Amino acid sequence: MACSLFWRKMKNRNNLTLSSDNLNNLSFDDFSKAVKTLEFDKILNILASYCPIEAAHSKIFEISPSVSAEEIKRRLKETSEAKLLIQTKGPLSFGNIKDITNHLERADKGSCLSMQELLDIAALLKSCSSMNVYFNNINSEGLLFVYTGKIHENKFLEDKISKCIVSED
């Protein structure tokens, strides 16, 4: 008897159903409490531990959960597409990619780049070529296609650096 009375009362409470309206009406405090309760920071740390790219590693900590039902569905679909891609093609290897932002800024200013900086650029270009091969037959209707279209390669520059500089030594 007490159990059925409890469930009747709970059914009538608005916060029991998770509709997009309820999600969008969450207060900032409720949202922050939920993020802390779910230990989202620990999830980000686990994710970051798998990230081989320095620049992307720091970007991981900018990820935040969404309360938008549409955004949640889109992110879940992206995750499903990525999982299917990994299951069918295997994991994508990024090699030893370094953040070359400073290298490019220096080159843009007319500075000379060191051999190591040039090798870092060549390694990134080689990884871009590998990624394009990996994503070659990806579904253009899928959500991941938006990201793969942003990967540009420069085989000429990659080959030129690799032929001229074998190693920093």
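This is a predicted model: local features need pLDDT of at least 70, side-chain atom pairs count only at pLDDT 80 or more; totals for chains, interfaces and linings use all residues.

Trainee: How many residues of helix H3 are buried?

Mentor: Helix H3 spans residues 28-37 and has 10 residues.

Trainee: Is Glu-117 buried or exposed?

Mentor: Glu-117 is found in helix H8. The cut-off for a buried residue is under 20% relative accessible area. Glu-117 has a relative accessibility of 13%, and therefore it counts as buried.

Trainee: Which residues does Glu-117 touch, leaving aside those up to four places away in sequence?

Mentor: One of them is Cys-112. Two others, His-103 and Arg-106, belong to H7 and take part in its contact with H8. With sequence neighbours up to four places away left out, Glu-117 touches His-103, Arg-106 and Cys-112.

Trainee: At what angle do the axes of helix H7 and helix H8 cross, and what is the handedness of the crossing?

Mentor: Helix H7 covers residues 101-108 and helix H8 covers residues 115-134, and their axes come within 10 Å. From H7 the contact draws on His-103, Leu-104 and Arg-106, and from H8 on Glu-117, Asp-120 and Ile-121. The axes cross at roughly 115°, and the crossing is left-handed.

Trainee: How is the aromatic pair of Tyr-134 and Phe-135 arranged?

Mentor: The structure holds 1 aromatic pair. Tyr-134 and Phe-135 form it, with 5.1 Å from centre to centre and 90° between the planes. Planes over 60 degrees apart count as edge-to-face, and the arrangement of this pair is edge-to-face.

Trainee: Are Tyr-134 and Phe-135 buried or exposed, and which residue lies over the face of Tyr-134?

Mentor: Both Tyr-134 and Phe-135 are buried. At 5.6 Å from the ring centre, the residue over the face of Tyr-134 is Lys-89.

Trainee: Is Thr-79 buried or exposed, and how many Å apart are Thr-79 and Leu-144 in space?

Mentor: Thr-79 lies in helix H6, which covers residues 69-89. Its relative accessible area is 51%, so Thr-79 is exposed. Thr-79 and Leu-144 are separated by 65 residues in sequence, while their C-alpha to C-alpha distance in space is 9.1 Å.

Trainee: What share of the contacts with a separation of 6 or more comes from residues 24 or more positions apart?

Mentor: The protein has 10 helices and 0 strands, and its elements run α-α-α-α-α-α-α-α-α-α from the N terminus. Among contacts with a separation of 6 or more, the share from residues 24 or more positions apart is 63%.

Trainee: What percentage of the residues counts as buried, and how much of the accessible surface belongs to carbon and sulfur atoms?

Mentor: The protein has 169 residues, of which 20% count as buried. Its accessible surface comes to about 13000 Å², and the part belonging to carbon and sulfur atoms is 59%.

Conventions: Residues are numbered from 1 along each chain as its sequence is written. Side-chain values use heavy atoms; hydrogens and water are left out. Helices (H or I, at least four residues) and strands (E, at least two) are DSSP runs, numbered from the N terminus. Buried means under 20% relative accessible area, exposed over 50%, partly exposed in between (1.4 Å probe, protein chains only). Contact means heavy atoms within 4.5 Å. Accessible areas come from the Shrake-Rupley method with a 1.4 Å probe; for residues, only the protein chains shown count as cover. Rings of Phe, Tyr and Trp (its six-membered ring) pair if their centres lie within 6.5 Å; planes under 30 degrees apart count as stacked, over 60 as edge-to-face and the rest as tilted. A charge sits over a ring if NZ of Lys or CZ of Arg is within 6 Å of the ring centre and within 35 degrees of the ring normal. Axes are lines fitted to C-alpha atoms, for helices over the stretch in contact, and angles run from 0 to 180 degrees between N-to-C directions. A crossing is left-handed if the near helix is turned anticlockwise from the far one by less than a right angle, and right-handed if clockwise.
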